[in-house]
Amino acid sequence: MSLALGNKLTLTIGDIAFGGEGVARLGDFVVFVPFVAMGEIVEAEVTELKKRFARAKLLRVVAPSPERVAPLCPHFGACGGCQYQHLAYPTQLRLKQKQIGDLFERIGRFDRGLIAPIVRCPQPYGYRNRIMIRSQWTSSSRA
């Protein structure tokens, strides 16, 4: 397998990593793709290439998950504040519970059964009271 920046790939998402990126495998090689759901088949373009993994941007969802929903926020995917709005809220909760369990098992060596279930937020949208504006600086734009 020989990958290069800009390669377009058809991938099956097998897991979601901590932070929200989907995990696809090409043999032993891992490709991370944001804004996907487990089980989806997607087309993605390689944007970063390392020795043991690559990152790719989502181009198109070929076979969507039944857990995929239309994000409520018009800025989803652009502002960087949310990673899971494309997933139904119960799916978000299951995913976060799994990720916390994975962390406790891997880092703390705790049994994941000791972790209490995540409590649903009564208002899962519209609760933020601050934003972070991201800007790309270049040497010519700095004062």
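1. Strand β1 (residues 8–16) is joined to strand β4 (residues 41–49) by 5 bridges, and the two strands run antiparallel. Within this pairing, Thr-10 has Glu-43 of β4 as its bridge partner. It should be kept in mind throughout that the model is predicted.

2. Strand β1 also pairs with strand β2 (residues 22–26), again in an antiparallel arrangement, here through 3 bridges; one of the positions concerned is Asp-15, whose bridge partner in β2 is Val-23. The two strands form a hairpin with 5 residues between them, and in that turn Gly-19 has a positive phi of about 105°.

3. A parallel pairing is found between strand β3 (residues 29–33) and β5, which are joined by 3 bridges. Here Phe-32 of the model stands opposite Arg-55 in β5. Strands of a sheet can pair in either a parallel or an antiparallel manner, through backbone hydrogen bonds.

4. Taken together, the strands make a closed barrel of 5 strands in the order β1-β2-β3-β5-β4, and the pairing is mixed. From one strand to the next, the twist averages 50°.

5. Glu-40 deserves a careful look, being placed in the loop between β3 and β4. Is this residue, Glu-40, buried or exposed? Glu-40 counts as buried because its relative accessibility is 0%, the cut-off for that class being under 20% relative accessible area.

6. Leaving aside residues up to four places away in sequence, Glu-40 touches Leu-11, Thr-12 and Ile-13, together with Val-61, Ala-63, Pro-64, Ser-65 and Arg-68. Of these neighbours, Leu-11, Thr-12 and Ile-13 fall within β1, which spans residues 8–16, while Val-61 and Ala-63 belong to β5 (53–63).

7. Ala-88 touches Glu-67 and Val-69, when residues up to four places away in sequence are not counted. The C-alpha atoms of Ala-88 and Ala-70 are separated by 8.8 Å, although the two residues are 18 residues apart along the chain.

Notes: Residues are numbered from 1 along each chain as its sequence is written. This is a predicted model: local features need pLDDT of at least 70, side-chain atom pairs count only at pLDDT 80 or more; totals for chains, interfaces and linings use all residues. Side-chain values use heavy atoms; hydrogens and water are left out. Helices (H or I, at least four residues) and strands (E, at least two) are DSSP runs, numbered from the N terminus. Contact means heavy atoms within 4.5 Å. Two strands pair if DSSP finds at least two bridges between them. Axes are lines fitted to C-alpha atoms, for helices over the stretch in contact, and angles run from 0 to 180 degrees between N-to-C directions. Buried means under 20% relative accessible area, exposed over 50%, partly exposed in between (1.4 Å probe, protein chains only).
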